[in-house]
Amino acid sequence: MSATNPAKSTGRPRGTRESTGTRVFGVFNAVFLVLLCVGMLYPFITVLAQSFSSPGAIKAGQVSFWPVGFNVDTYGAVMSNETFWRNYGNSVLYTVVGTLIAMVLTTTYAFVLSKPHLKGRKALIGIAVFTMFFNGGLVPNYVLISSLGMKNTMWAIVLPGAISVFNLLVMKSFFESLPKELEEAAQIDGLGWYGIFGRIVLPLSKAVIATMVLFYSVAFWNDWFAAFLYLDKSELFPVTLFLRNLIAGASTSASEGAAAAGTTTALISSNIQAVTMILTVIPILCVYPFVQRYFVSGIMLGSVKG
C-alpha cells in the first residue's frame with residue numbers, strides 16, 4: 001500500500017502549516033455562507049408552510065418552518081377551477097414560444113455583432129444599447145401593439161420582449177471570446193457563415209445558451225403586466241394574471257378567472273397569497289436544475305472577453 005501524500009491531501013506544500021488567519025477566515029467564510037443560505041431559504045420555506053396552514057394560524061403569526069393546522073382547501077379551491085388550468089397552459093405556451101423566438105433572435109443578432117468587419121456594426125450596437133435607456137412609453141407601446149393587430153393575441157406577449165439587450169451584449173461578448181482559428185478552419189473546409197454558426201459556434205455555446213434560456217423563461221413566466229395591458233379575454237390570460245386577479249379579489253367582466261374563484265376568496269384569504277407564490281414558482285424550480293450547472297460558467301464566459 002502506498003502512503004498518502006500529505007501535501008496532495010491538504011493542498012499545501014509539505015512542511016507548511018495553515019496560519020491562524022487562514023483558519024479564522026475559513027470558519028468565518030463557512031458560517032457566513034451557511035447564514036446566507038438560511039436567509040435565502042427562510043422566506044420560501046415560510047411561504048410553503050403558510051400555503052398548507054390554516055388561516056387562523058397564519059393570522060396569529062404561528063407559522064414559521066412547519067404548517068400549523070394543516071389545510072389544503074386553498075389548493076383545492078384554486079386547482080379545481082378550469083380557468084386556472086387553461087391559464088396555466090397559456091403560461092407554458094407563452095413561455096416556450098417566447099423563449100424560442102427570443103433565443104433565435106438573440107443568438108443571431110449577437111453573432112452578427114461579434115464580427116468586427118461588419119459594416120454598420122457600431123450603429124447596430126448603438127441602436128440596441130439606446131433601447132436599454134429609452135423607450136416610447138406605455139401609451140405609445142399600447143397604440144403600437146393595437147395598430148399592429150396584436151391585441152388579444154399571443155404575439156402581444158412574446159414579441160415585445162423578444163430581445164433583452166443585456167442578454168444580447170452578454171452573448172455578443174461570449175461569441176467574441178471564441179477562438180477565431182475555429183472559424184478560419186471551417187471556412188477553409190468550405191463552410192459558409194450559416195454553417196459556421198450552426199455547426200461550430202452554437203455547439204460551443206451551450207453554457208451561455210442555457211443561461212439565456214433560463215433568463216428568458218423566467219421573464220416570460222413571471223410577466224403579467226403585458227397580459228394585463230393587451231389581453232381582454234380571460235381564456236388568453238397567463239396564470240400569473242389569473243392569480244394576480246385572484247389575490248386582488250377582482251370580479252370585473254374582464255377577470256372571469258378571478259370572479260369564478262371569488263366565492264372562496266373570503267374563506268382562504270389568509271393563505272391564498274402563499275399558495276399563489278408556490279404554484280407560480282413550481283415550473284421554474286423544475287427547469288432550474290437542468291441548467292444550473294451551466295449558469296455560472298455561462299455568465300462568467302459571456303461577461304469577460306477572453
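I count Ala, Val, Leu, Ile, Met, Phe, Trp, Tyr, Cys and Pro as nonpolar, Asp, Glu, Lys and Arg as charged, and the others, Gly among them, as polar.

I am working on a predicted model, in which local features need pLDDT of at least 70 and side-chain atom pairs count only at pLDDT 80 or more, while totals for chains, interfaces and linings use all residues. Residues are numbered from 1 along each chain as its sequence is written, and side-chain values use heavy atoms, with hydrogens and water left out.

**Largest pocket.** I looked up pockets on a 1 Å grid over the protein atoms alone (a pocket is an open set of points with protein on both sides within 12 Å along at least five of seven lines; a cavity is a set where a 1.4 Å probe fits but cannot get out; lining residues have an atom within 4 Å of a point). Points are joined across faces, edges and corners, and a volume is the space filled by probe spheres set on them. The largest pocket holds about 840 Å³. Its lining has 29 residues, of which Leu159, Pro160, Gly161, Ala162 and Ile163 are the closest to the centre. By class I get 23 nonpolar, five polar and one charged. Helices here are DSSP runs (H or I, at least four residues), numbered from the N terminus. At least two lining residues each come from H6 (121-133), H7 (138-147), H8 (155-158), H12 and H13 (225-230).

**Second largest pocket.** I note a volume of about 170 Å³. The lining consists of Val92, Thr95, Val96, Thr99, Val213, Ser217, Trp221, Pro283, Ile284 and Val287. H5, H12 and H17 (272-303) give two or more residues each, and H5 gives the most, with four. The classes are seven nonpolar, three polar and no charged.

**H5 against H12.** I then checked how these two helices pack. The angle is about 140° and the axes lie 9 Å apart; axes are lines fitted to C-alpha atoms over the stretch in contact, and angles run from 0 to 180 degrees between N-to-C directions. H5 is therefore oblique to H12 (under 35 degrees is roughly parallel, over 145 roughly antiparallel, 65 to 115 roughly perpendicular, the rest oblique). The crossing is right-handed, meaning that the near helix is turned clockwise from the far one by less than a right angle. With contact set at heavy atoms within 4.5 Å, I list Tyr88, Ser91, Val92, Tyr94, Thr95, Gly98, Thr99, Ala102, Met103 and Thr106 of H5 facing Ile209, Met212, Val213, Tyr216, Ser217, Phe220 and Trp221 of H12. That contact has eleven nonpolar, six polar and no charged residues.

**Cavities.** How many cavities of 30 Å³ or more does the whole structure have? My search finds two. The largest has a volume of about 60 Å³ and is lined by Ser91, Tyr94, Thr95, Ile157, Phe220, Trp221, Asp223, Ala227, Pro238 and Thr240. H5 (82-113) and H12 (206-222) are the elements that give two or more residues to this lining; H5 gives the most, with three. I class the lining as six nonpolar, three polar and one charged.

The second largest cavity holds about 40 Å³. Lys115, Phe175, Leu178, Pro179, Lys180, Leu182, Glu183, Ile200 and Leu204 line it. H10 (residues 180-188) gives the most to this lining, with three residues. I find six nonpolar, no polar and three charged residues there.
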